[in-house]
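Let's walk through this structure together, going from its strands to the residues packed among them. Have the sequence and the 3D view open as you read.

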Amino acid sequence: MLPSRIFFDNFFDDIEPWGKMGKMLKCDIYEEENHYILEMDVPGFKKEDIHMELENGYLKISAERIIDTKDKDEKKYLRQERQSTTRCERQFYVGEVSEDEIKAQFKNDILKISIPKEMQKQESKKVIMIED
């Protein structure tokens, strides 16, 4: 098995202030014949809360949810663990692919992203002749 940092390297893996994988979007990455598939758990978010962008070969996925707190002052909380704003993000190096080639679906709190594999550039072999 290849080390996880070779493909889809996550730059922020070791530097989160809240601890490794604490608030991060957890995912599985596997490959098919011509694509990598990234399946990410995004529980509690709607499709509209999720944003993806591609820049310089990095795919950045973020999700932000704002809970309506207009009736917050009317309630006497005994315990409150849900934050009014929740934001998670993660980024992966996916190589030089076009955003048109990346496909995404969101169903049952799972974001499934299909990313094409970079085509290996085939170098042509040149024969060098030796002169007399």
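A residue is called buried when its relative accessible area is under 20%. Keep that cut-off in mind as you look at this predicted model. Arg-90, at 9% relative accessible area, is therefore buried. You will find Arg-90 in strand S5, and its side chain reaches the backbone oxygen of Leu-25 at 2.7 Å.

Three strands form an open sheet in the order S3-S4-S5, and their pairing is antiparallel. Strand S3 (50–55) and strand S5 (85–93) are the edges, each pairing on one side only. From one strand to the next, the twist averages 15°. Strand S4, residues 58–66, runs antiparallel to S5, and nine bridges join the two.

Now for the packing. In soluble globular proteins, nonpolar side chains tend to be buried together. Here, the largest nonpolar core has 17 residues. Which of them touch the most other members? They are Met-40, Val-42, Leu-59, Ile-61, Leu-111, Ile-113 and Ile-115. At least two residues of this core come from each of strand S2 (35–41), S4, S5 and strand S7 (110–116).

Definitions and conventions:
Residues numbered from 1 in each chain as written. Predicted model: local features only at pLDDT ≥ 70, side-chain atom pairs only at ≥ 80, totals over all residues. Heavy atoms only, no water. Pairing = 2+ DSSP bridges. Helix = DSSP H or I, 4+ residues; strand = E, 2+ residues; numbered from the N terminus. Axes fitted to C-alpha atoms, helices over the stretch in contact; angles between N-to-C directions. Buried < 20%, exposed > 50% of the residue type's maximum accessible area, 1.4 Å probe, protein only. Polar contact = N/O pair within 3.5 Å; in protein donor to acceptor, adjacent residues only side chain to side chain. Core = buried A, V, L, I, M, F, W, Y, C linked by side-chain atoms within 4.5 Å.
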